[in-house]
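Below are some notes for a reader coming to this structure for the first time. Please keep the model open while going through the points.

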Amino acid sequence: MKYFSIYLLFFVGALLTSCESSENCTETTWYEDADNDGLGDPDATLEACEQPEGYVANGNDTDDNGGGTTSDCDTPSEVAQSTNTEIEAMRQAMISFRNSLSSTLLSQATTCLDDDRFYTWHNTPNSNGTQRDGIIYGDLTEDQLADFKNLLQLFLSDGGYQKVDEITMLAEGLLNTENSSAWNPDYYSIDMFGDPENSGSWGFQLDGHHLAINFLVHGDNVSIVPAFLGGEPAVSSFNGTDFDIFKDERDLALTLYNELSTSENAAAVSSSSHSMEVGPAGTPGDVDPYRGDYDYSGFAGTGLKYSDMSSETQANLILVMKEYVYNMETAFADAWWTDIMANLDDTYFVWIDEVDSPTTTSPFYYRIYNPYLWVEYNSENALGGGGADYNHVHTITRIPNNPSTSAGGDYGVFAQMINKGDVKTLFEHYAMADHHKASEMLFDYTVKLAHGHSHHSHTHSHIH
């Protein structure tokens, strides 16, 4: 009887505590988020006082197997919309531009984030405006084009936007006077990806002669890589306006090179042929051969290492690196720069030229490798018209390997779909891809692969 009385008192006390707790609880409807995209399934609910694991407060996801949109573009790995005011301004600008288009143009320009069009871009002319997907500048009214350029300016810094304008309007306008069917400012292409009205993951691509930039918003993350910027002529004048597209990329690098010590010069300078390692596909219409979560870390160890540089050389290198990173709007470039700086000691600089004393009017190549930044600058062979080699420039900016954040590298997390989450080295791409088996490779580093693969001395040329 004694034990029964104690048990009864315990039971009544627990019941009173439970009732008191229930009286203070206001139950909320929670929605199951099976695909972990931040949006819940409206048909899978649970009433609870506290948020249960695997549930969220909204019910905006109509496809909880993947994707966060209520449109046809439900792509795995999508996330909820950002609350960042600058990103919201970008989203509203994109929605405004989309709403200005006819249903036909909107349909032509829009696809999903897991479509191969996301990875299809090139640097060659969009002849007659028919060699790209999407829609072209020439399809737009003046007001629509102004809306699109307003969107560009939200993603790009003033300096970055100026380069885009000089490539597309001045350099291309000058070429247009020579061959209007091949070169024309109206032929730059716009492709849009995802659904900005209903999802926090969306983007667009601006693609055409000497320009291909891939813009992506993914929650709070914003990126513009891969970004290919080029020009021939890179320095000239059109309609009374002088332009020098890559003045800072060229001049800052020359300052860096010319102030290297003897030992730094010996480490930085390579005798390899200067040609871009990770440029566009060899044939227009092919997808970017370096898409996916490729690991470029084989390039670590080649060239002059940041931690081995003098303080003056380090400062000069940082100025060059910032010129590429800060093509993007400052707040988002700052976030990218934070990752770069955290890995600064693992940065390498390589220089290749064909002269004793390079100047602003001599061709040269340089490469910067950092786990969060890949840069190449190359003076290409002139393609005609009496131009000089130094006046034909190709540059590319990528994020080569970004494993420690959820933002991903090139194309954000969506590039990981290509390799199904498996990280491959750049060398493996060349060694194993059918379209490279007959080619020779240009690597200036050595890699040992499993399964009997080895790195021999090869060269590989790209079509420009």
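1. Asn381 sits in the loop between strand S17 (373–379) and strand S18 (393–398). Helices (H or I, at least four residues) and strands (E, at least two) are DSSP runs, numbered from the N terminus. With a relative accessible area of 55%, Asn381 is exposed; that word stands for over 50%, buried for under 20%, and partly exposed for what lies in between (1.4 Å probe, protein chains only). Leaving aside neighbours within four places in sequence, Asn381 is in contact with Asp389 and His392, where contact means heavy atoms within 4.5 Å. The C-alpha atoms of Asn381 and Pro363 are separated by 8.6 Å, and the two residues are 18 apart along the chain.

2. On provenance: this is a predicted model, in which local features need pLDDT of at least 70 and side-chain atom pairs count only at pLDDT 80 or more, while totals for chains, interfaces and linings use all residues. Residues are numbered from 1 along each chain as its sequence is written, and side-chain values use heavy atoms, with hydrogens and water left out.

3. The chain as a whole has ten helices and 19 strands. Of its 464 residues, 52% are buried. Among contacts between residues at least 6 apart in sequence, 64% join residues at least 24 apart. The accessible surface comes to about 20500 Å², and carbon and sulfur atoms account for 48% of that area; the areas come from the Shrake-Rupley method with a 1.4 Å probe, and for residues only the protein chains shown count as cover.

4. Which residues touch the most other members of the largest nonpolar core? They are Phe204, Leu206 and Tyr366, in a core of 76 residues. A nonpolar core is a set of buried Ala, Val, Leu, Ile, Met, Phe, Trp, Tyr and Cys residues joined through side-chain atoms within 4.5 Å. A second, separate core has 21 residues, including Tyr119, Ala212, Val278 and Tyr369. In soluble globular proteins, nonpolar side chains tend to be buried together.

5. The structure holds 24 aromatic pairs. Rings of Phe, Tyr and Trp (its six-membered ring) pair if their centres lie within 6.5 Å; planes under 30 degrees apart count as stacked, over 60 as edge-to-face and the rest as tilted. Phe204 and Phe215 are stacked, because their ring centres are 4.3 Å apart and their planes stand at 10°. Phe204 lies in strand S7 (residues 201–208) and Phe215 in strand S8 (residues 211–218), so the pair ties together parts that are eleven residues apart in sequence. Both Phe204 and Phe215 are buried. Phe364 and Tyr366 also make a stacked pair, with ring centres 6.5 Å apart and planes at 20°. One aromatic cluster includes Phe97, Tyr137, Trp202, Phe204 and Phe215 among its members.

6. Gln205 is also in strand S7. Is Gln205 buried or exposed? At 2% relative accessibility, Gln205 counts as buried. Its side chain makes a polar contact of 2.8 Å with the side chain of Asn214. A polar contact is a pair of N or O atoms within 3.5 Å; within protein, one must be able to donate a hydrogen and the other to accept it, and residues adjacent in sequence count only if both atoms are side-chain atoms.

7. Strand S11 (residues 235–238) and strand S12 (residues 241–244) pair in the antiparallel sense over four bridges; two strands pair if DSSP finds at least two bridges between them. Phe238 has Thr241 in S12 as its bridge partner. S11 and S12 form a hairpin with two residues between them, and Asn239 in the turn has a positive phi of about 50°. Asn239 counts as exposed, at 69% relative accessibility.

8. Some backbone details deserve a look. Most residues other than glycine have a negative phi, and most peptide bonds are trans. His210, in the loop between S7 and S8, has a positive phi of about 60° although it is not a glycine. A cis peptide bond joins Val225 and Pro226, with omega about 0°, and another cis peptide bond joins Glu232 and Pro233. Pro233 lies in the loop between S10 and S11.
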